[in-house]
Amino acid sequence: MAGTATSWKTAAIAQNAGQLWANLAIPGTGARLTLDADGTPDATANPSAMHLGATKAGAKLMIKSSLTNFEADEFRAPIVTNVDKIEMGISAELIGVTDLDLIEFLLPGVGTAATGSGYDQIRVGIKAITYSSVACIFPLIEDTTKYGVFHIYRALNDAGVEWAQSRKELGGIPVNLVGYEITTRAATDTLGSFWKQIA
Amino acid sequence: MAIDNVTVESLEKKFKGEGFKRFKAIAELGGFGTPTIDHTGGVDPAYRGGLDLKGLRNVEGPDRLTDAVLAKIDELAGGSAEKKAKESN
């Protein structure tokens with residue numbers, strides 16, 4: 001009798017720098033973020049795309065669900081479970097502290113950018129909260145001509161903006177991009193997607 | 001020529017007074033989700049990057065929308081179908 005082929009998945013690993021993008025277009029039914037051959041968002045399909053810049057230590061990509069278990073008196077273990085909550089997020093520490101378009105993006109509902117002769121400015125107060133379609137795009141190890149995409153359709157940064165301004169330390173802004181559902185999309189596709197290109 | 005991306009603003013430039021109506025119709029037909037009005041009266045800001053029509057046209061397999069629906073979306077967006085209709089009128 002033959003055994004079963006092993007699959008160590010040593011090529012399906014994450015070990016490449018990614019790029020963080022915001023203000024992407026929303027994909028339609030069955031579609032994904034349209035990429036250019038160079039792995040950046042296709043410019044005609046995503047004309048407002050904004051690169052969030054370099055990070056101190058890459059990005060952490062997260063999809064989590066919390067399950068609520070239900071028990072019956074006659075059994076010792078839970079007998080059924082239900083998905084209670086879904087979370088999807090991207091966190092990173094961005095170094096582009098003085099890029100004020102970036103700062104405005106990181107301050108939804110709070111920061112308003114202004115520019116004029118000789119200055120760029122962020123004014124802090126209250127305004128409408130803005131969400132954005134964001135993604136982390138990274139080259140695959142299994143095929144460096146192909147890319148993986150972690151895309152949240154509707155997100156905002158809930159970590160505010162803070163950084164260390166010092167001579168000895170490179171200032172970075174910890175950001176936490178949290179996903180919000182687009183409730184009018186298909187039920188299986190309301191929050192985002194994680195996909196990769198294949199041959 | 002097919003349109004790759006639409007926003008409310010880009011549609012309003014082409015079709016004055018119909019920007020949101022066309023945007024919403026395209027979003028519904030294409031399964032993008034219906035953009036909700038936020039409390040300032042505008043489109044859900046998550047849609048400010050627009051709707052990716054190029055990606056929608058490139059879908060293959062069972063998820064691909066019918067040619068008729070894609071043509072309708074292109075017409076709403078002001079693509080070649082709409083232009084041909086206007087020229088023939």
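**Reading salt bridges**

Visitor: Lys56(A) counts as partly exposed, at 35% relative accessibility. What does "partly exposed" mean?

Guide: Buried means under 20% relative accessible area, exposed over 50%, and partly exposed in between, with a 1.4 Å probe and protein chains only. This is a predicted model, where local features need pLDDT of at least 70 and side-chain atom pairs count only at pLDDT 80 or more, while totals for chains, interfaces and linings use all residues. Residues are numbered from 1 along each chain as its sequence is written, chains are lettered from A and ligands numbered from 1 in the order in which they are written, and side-chain values use heavy atoms, leaving out hydrogens and water.

Visitor: Which residue forms a salt bridge with Lys56(A)?

Guide: Side chains of opposite charge can pair when their charged atoms come close. The rule here asks for a side-chain nitrogen of Lys or Arg within 4 Å of a carboxyl oxygen of Asp or Glu. Lys56(A) pairs with Glu93(A), with 3.7 Å between the closest N and O atoms. Lys56(A) sits in strand β3 and Glu93(A) in strand β4 of chain A, so the bridge ties together parts 37 residues apart in sequence. Strands are DSSP runs (E, at least two residues) and helices are too (H or I, at least four), numbered from the N terminus.

Visitor: Where do Arg57(B) and Asp4(B) lie in chain B?

Guide: They form a salt bridge at 2.5 Å. Arg57(B) is in helix α3, and Asp4(B) is in the segment before β1, 53 residues apart. Arg57(B) is partly exposed at 27%, whereas Asp4(B) is buried at 17%.

Visitor: How many salt bridges are there over all chains?

Guide: The count comes to twelve.
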